[in-house]
Amino acid sequence: DHLHSGHKVLLTVAAVVAKRGLFVGVSGDPLLEAKSDADRLQPWGVRAQVVAEFLARLKPRLPLTLEWLGDAFGPALRPEVRALVVSTETEAGGEAVNRRREELGAPRVDVLVAPLVADPT
């Protein structure tokens, strides 16, 4: 999926609350295959670079780790992660992350819900 206004809101909130660094999962091909326009999507490397450039403009000194996202959890299961930014549309996923983290013996994360934003394009 291209970097649209909804993504930018989530990334902006994440950059603002990040203290020591930011992990961002960029969807891999398996998560995008069901999209109606999957054949027109940018390759993972291009999408990851666009995310990196956007965040570098927002908070240039923020350590950033971009990861290929192949499932619903991605870097959110890392024990060092302390917060997760989700949209109102994906809020249930935040609770699923916390359930899975508890199963793994990791502490719960704070789930920060950002509002959905309509894409003007």
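I started with the surface. The accessible surface of the protein chain comes to about 7,600 Å². Carbon and sulfur atoms hold 55% of that area. I note here that this is a predicted model.

**Overall form**

I looked up the extent next. The C-alpha trace spans about 40 × 35 × 25 Å along its principal axes. I then checked the radius of gyration. The chain has 14 Å, and a compact globule of 121 residues would have a value near 14 Å, so the two agree. Buried residues make up 29% of the 121 residues.

I read off the secondary structure. The protein chain has 4 helices and 4 strands. From the N terminus on, I get the order α-β-α-α-β-β-α-β.

I asked how far apart in sequence the contacting residues are. I took contacts between residues at least 6 apart in sequence, and 70% of them join residues at least 24 apart.

Charges came next. I find 15 positive and 16 negative side chains in the protein chain. The centres of the two sets lie 8 Å apart.

**Cores**

Which residues have the most contacts inside the largest nonpolar core? I list Leu-11, Leu-22, Val-24, Val-51 and Leu-55, in a core of 15 residues. Helix H1 (5-17), strand E1 (22-27) and helix H3 (44-58) each supply at least two residues of this core. H3 gives the most, with 4 residues.

Setting aside residues up to four places away in sequence, Leu-11 touches Leu-3, Val-24, Val-51, Phe-54, Leu-55 and Leu-58. Another core lies apart from the largest one. This other core has 6 residues, among them Leu-84, Val-86, Val-97 and Val-109.

**Leu-112**

I turned to strand E4 (residues 110-114), where Leu-112 is found. Leu-112 counts as partly exposed, at 29% relative accessibility. I looked for its contacts beyond four places in sequence. Leu-112 meets Val-17, Ala-83, Leu-84, Val-85 and Val-86. I also took a distance to Leu-11, which sits 101 residues away along the chain. The C-alpha atoms of Leu-112 and Leu-11 are separated by 12 Å.

**Ser-87**

Leaving out residues up to four places away in sequence, I see Ser-87 touch Leu-10, Val-113, Ala-114 and Leu-116.

**Phe-73**

I moved to the loop between strand E2 (64-69) and strand E3 (83-87), where Phe-73 lies. Phe-73 has a relative accessible area of 26%, so I log it as partly exposed. What does Phe-73 touch, not counting residues up to four places away in sequence? I find Ala-96, Val-97 and Arg-100. Val-97 also belongs to the core of 6 residues.

**Trp-68**

My last stop was Trp-68, in strand E2. Its relative accessible area is 48%, and Trp-68 is therefore partly exposed. I left aside neighbours within four places in sequence. Trp-68 is then in contact with Val-26, Gly-28, Asp-29, Pro-30 and Trp-44.

Terms used. Residues are numbered from 1 along each chain as its sequence is written. This is a predicted model: local features need pLDDT of at least 70, side-chain atom pairs count only at pLDDT 80 or more; totals for chains, interfaces and linings use all residues. Side-chain values use heavy atoms; hydrogens and water are left out. The radius of gyration is taken over C-alpha atoms; the globule rule is 2.2 Å times the number of residues to the power 0.38. Buried means under 20% relative accessible area, exposed over 50%, partly exposed in between (1.4 Å probe, protein chains only). Contact means heavy atoms within 4.5 Å. Accessible areas come from the Shrake-Rupley method with a 1.4 Å probe; for residues, only the protein chains shown count as cover. Lys and Arg count as positive and Asp and Glu as negative; His and the chain ends are not counted. The place of a charge is taken as NZ of Lys, CZ of Arg, CG of Asp or CD of Glu. A nonpolar core is a set of buried Ala, Val, Leu, Ile, Met, Phe, Trp, Tyr and Cys residues joined through side-chain atoms within 4.5 Å.
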